[in-house]
Amino acid sequence: GGAGGAPGELLFQAWAPPLGFSTFEVKQQSPGSPWDPPKWPSGDPEPWIENEHLRVLFDPVTGHLREIQNLAKGFSLPVFQSFYWYNASAGDALCPQASGAYIFRPNASTPIPVAKRAATRLLKTALVQELHQNFSAWCSQVLRLRPGQPYLELEWTLGPIPVSDGLGKEIISRFETPLRTAGRFYTDSNGRQVLERRRDYRPTWNLSQSEPVAGNYYPVNTRIFIKDQKVQLTVLTDRSQGGSSILDGSLELMVHRRLLKDDNRGLGEPLDEPGDDGRGLVVRGRHLVLLDTAAAAPDLHRPLAQEMVTPPYVVLTPGPGPHLRQFSGLRRALPPNLHLLSVEPWGAGTLLLRLEHLFERGESHNSSQPVTVDLTTLFSAFTITSVREMALGGDVPLDSVSRLLWNTTTGTPKPCPLPRLDPRCVRLEPMEIRTFLASVRY
């Protein structure tokens with residue numbers, strides 16, 4: 001039985017074509033007896049889960065994640081993961097700044113473990129292998145592998161955070177590895193560009209670090225990773241979170257907070273929402289963990305992060321589904337380094353199209369190359385009769401955009417002439433987004 005008295009869950013493998021849909025019909029055959037998933041015998045010396053890509057090992061005593069093995073490439077990395085909380089600063093006479101909705105300011109740089117060990121339960125079926133960890137009454141996690149997934153999925157459930165002890169808490173999920181990272185870690189700055197971060201360092205001024213934890217936190221929109229010369233550990237998020245690498249070889253993400261003081265930034269109340277039942281907020285989210293060689297990692301985390309940001313919609317309807325069981329708006333899938341960012345109606349017979357290159361220059365041996373696509377034969381649902389390239393906003397034709405040209409010591413630069421647009425051969429450079437208004441005939 002599932003949580004909240006739900007009778008259980010239905011698992012089946014589904015697939016949808018690009019820019020399209022697939023329909024699946026679900027029928028109840030007979031009431032049947034409730035299925036009891038196989039449990040792992042308590043005498044097993046070491047619990048583990050695996051699929052064709054990864055084998056994931058756990059500590060038999062504490063129930064913590066212990067090691068991830070990349071089966072395809074034949075290497076492994078010890079990875080420990082657990083939940084901790086920073087004790088929120090309540091401010092004092094010397095420094096009145098408290099942790100609050102806008103400010104993260106722990107009163108010590110060493111976080112406190114939620115629990116020293118987790119109660120575990122193992123589930124293995126043909127469609128999924130899971131290890132369930134229960135750290136406390138308000139902190140649990142499911143580690144999941146499905147066939148075909150080259151990543152480990154961590155689904156965490158946290159809250160209501162207890163504050164009856166009078167301490168505000170900021171909860172993190174921390175991963176620890178023996179990777180030699182020399183104070184460096186990487187976060188995306190906007191879902192696209194990846195930036196190198198260095199602990200206690202700023203590239204443009206000499207930093208005098210007064211906040212050893214908060215001063216090293218950065219926004220993580222979609223991914224954070226650490227690497228050495230050979231191996232990279234990447235964690236993808238399903239929402240924006242704060243993240244850092246406070247210890248070499250580690251990375252952490254902040255997943256929940258509950259605070260008892262206002263931080264004097266205008267909100268005028270502490271970050272202490274009671275929620276529907278008055279007990280505090282519960283939050284559930286997912287982290288995807290990738291272990292790969294540093295050279296091959298972008299080929300995995302780029303498309304996966306895109307998938308996390310734009311997951312397929314699940315639409316449920318009673319009765320028989322549509323007669324059309326499968327449909328794709330494209331005649332063929334785009335190359336893996338290209339993404340169709342926008343298809344929007346823009347008035348009668350007109351569509352706004354945006355294409356983006358998903359990779360940065362030099363990031364991947366194959367995928368960081370420029371790529372060309374034929375717009376005229378790409379779509380199955382309509383025919384493009386004419387195309388005009390627009391500025392990114394879609395409101396101004398690109399050829400009428402005039403950028404400011406600055407006088408420099410080497411003279412005044414000349415504006416670059418735009419090459420003539422050929423919709424049969426649209427070329428995208430790494431990280432480029434191009435926007436088009438297309439007249440179409442259905």
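In the predicted model, the largest nonpolar core comprises 29 residues, and the members that touch the most others are Leu65, Ile68, Leu152, Phe175, Leu233 and Val289. The surroundings of one of these, Ile68, can be described in detail: when residues up to four places away in sequence are not counted, Ile68 touches Leu54, Arg55, Phe75, Ser76, Leu77, Val79, Leu152, Val289 and Leu291. Apart from this core lies another, made up of 19 residues, among them Leu330, Leu340, Phe436 and Val440. In soluble globular proteins, nonpolar side chains tend to be buried together.

Nonpolar residues also occur on the surface, where Leu10, Phe12, Phe24 and Val26 form a patch whose accessible area is about 400 Å² together.

His339 is located in strand β21, which covers residues 338-345, and it is counted as buried because its relative accessible area of 16% lies under the 20% limit. The side chain of His339 is joined to that of Gln306 by a polar contact of 3.3 Å. Leaving aside residues up to four places away in sequence, His339 touches Gln306, Thr310, Leu334, Arg354, Leu355, Glu356 and Leu358.

Note on methods:
Residues numbered from 1 in each chain as written. Predicted model: local features only at pLDDT ≥ 70, side-chain atom pairs only at ≥ 80, totals over all residues. Heavy atoms only, no water. Core = buried A, V, L, I, M, F, W, Y, C linked by side-chain atoms within 4.5 Å. Buried < 20%, exposed > 50% of the residue type's maximum accessible area, 1.4 Å probe, protein only. Contact = heavy atoms within 4.5 Å. Patch = residues over 30% accessible without salt bridge, like charges linked within 9 Å, V, L, I, M, F, W, Y side chains within 5 Å. Areas by Shrake-Rupley, 256 points an atom, 1.4 Å probe, with all protein chains shown as cover. Salt bridge = Lys/Arg side-chain N within 4 Å of Asp/Glu carboxyl O. Helix = DSSP H or I, 4+ residues; strand = E, 2+ residues; numbered from the N terminus. Polar contact = N/O pair within 3.5 Å; in protein donor to acceptor, adjacent residues only side chain to side chain.
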